[in-house]
Amino acid sequence: MSVSLLSKIEIGDRALTQGMAAALAQAMGLTLDELLGTAPVTRGNADSLTALNHAIRRFDIPDSPPAHPEDLPQKLAELNEHRHRTQLGAVLQKLPDVLADGTNHAHATQSPDAWERVADTYSVVYWLAARHRWMHLAELAVIKQRLAAERARPIAATVAARDEAGAFLNSGDFAGGLAVVDRAVVEAEATLRGRDRAYGLGILHLRGLTLAGRIKDQRTAQRHIDAAWRAADEFPEDIADHGIHFGPENTAVHVISTASDMEEYRDALRTADDLLRTGTSLPATRIGPLHMSLSRSHLALGDREAALASLEEAWDVAPEMARVHPTSQELVRVLTSLHRRSNPRLTRLARRAGVAF
């Protein structure tokens, strides 16, 4: 990273990407969450976070099983609906009970299906922790997820590996995350069949292309992009298994984000035009980051008005995610720095983001 680029980031003329942030963190001997900061725990969420940590600690200390285990699949489905709508507060509020009840039921029955639900619940824990950059909690979640997956069907191990690679991604260790993906792909190819195989390989390759994009490894990124598209060909439309979407639309979203990471901004915008022109069925948890990627590309090309419009879309679609997402915060910071005149739209957005303007 050149001194001039670092200077532009410091004064607010350029946005700090997570790839740049990881390089700076490594140079200064910091973790990525130390450099970017973590989202604070609000007073209303503190009790839920304490209860969640209690449920995680008692993974191997079973308590009484729930009175109505038949309700567990629906409760997990409702939890994932909140996740897909990026309702972070609702997810945190409901997670402790869903996790504790699911774990106690799995211990009581030793059913692979029950342990698969536990693993899927830990996937939600990982997602929530990663959004807030609570990295110790995210890393603990993927460890427990992997332990639960060992007692479930093989697809659970593939999802757990995808989330483990995500923990590397969120910590800025992109090469380590790629190693996790490569190992998991080999295992998935040996153990998965049919729809599980296409889905499992697909979500792994999406993680791989994102990791490769962060270090601007064009060759590796393209390998994962090609493999993800091949897997997506198995699905006429996107599906949501294990709380994670995969299919042609989500593959396009990841390709757009990776193009932005590799500074291929016009390619990112062209791909997004094709996706948005035909409409998308993807939830807020995917559409919000898509608009953040578009805002980043517009800003890099000097179109501040389009960058602001895309960022407004991200906030409208996924406000709770945008409030804690480092890319969203960074884009608001740079736009307010570059915009020297009064702009009511930007002022409103800065107020929502808690950025002084």
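Visitor: Which residues lie nearest the centre of the largest cavity?

Guide: This is a predicted model, in which local features need pLDDT of at least 70 and side-chain atom pairs count only at pLDDT 80 or more, while totals for chains, interfaces and linings use all residues. Residues are numbered from 1 along each chain as its sequence is written, and side-chain values use heavy atoms, without hydrogens and water. A cavity is a set of points, on a 1 Å grid over the protein atoms alone, where a 1.4 Å probe fits but cannot get out, and its lining residues have an atom within 4 Å of a point. The largest cavity has 43 lining residues, and nearest its centre lie Arg-131, Arg-214, Arg-286, Pro-289 and His-325.

Visitor: Which helix gives the most to the lining of the largest cavity?

Guide: A helix is a DSSP run of H or I with at least four residues, numbered from the N terminus. With seven residues, the greatest contribution to this lining comes from helix H15 (residues 284-300).

Visitor: Is Ala-129 buried or exposed?

Guide: Ala-129 belongs to helix H7 (residues 112-132). Buried means under 20% relative accessible area and exposed over 50%, with a 1.4 Å probe and protein chains only. Because its relative accessibility is 1%, Ala-129 counts as buried.

Visitor: Which side chain of opposite charge is nearest to Arg-207?

Guide: Arg-207 is part of helix H11 (residues 194-214). Arg counts as positive and Asp as negative, and a salt bridge needs a side-chain nitrogen of Lys or Arg within 4 Å of a carboxyl oxygen of Asp or Glu. Arg-207 is buried yet has no salt bridge; the nearest such side chain, 4.0 Å away, is Asp-163.

How values were computed: Helices (H or I, at least four residues) and strands (E, at least two) are DSSP runs, numbered from the N terminus. On a 1 Å grid over the protein atoms alone, a cavity is a set of points where a 1.4 Å probe fits but cannot get out, and a pocket is an open set with protein on both sides within 12 Å along at least five of seven lines; lining residues have an atom within 4 Å of a point.
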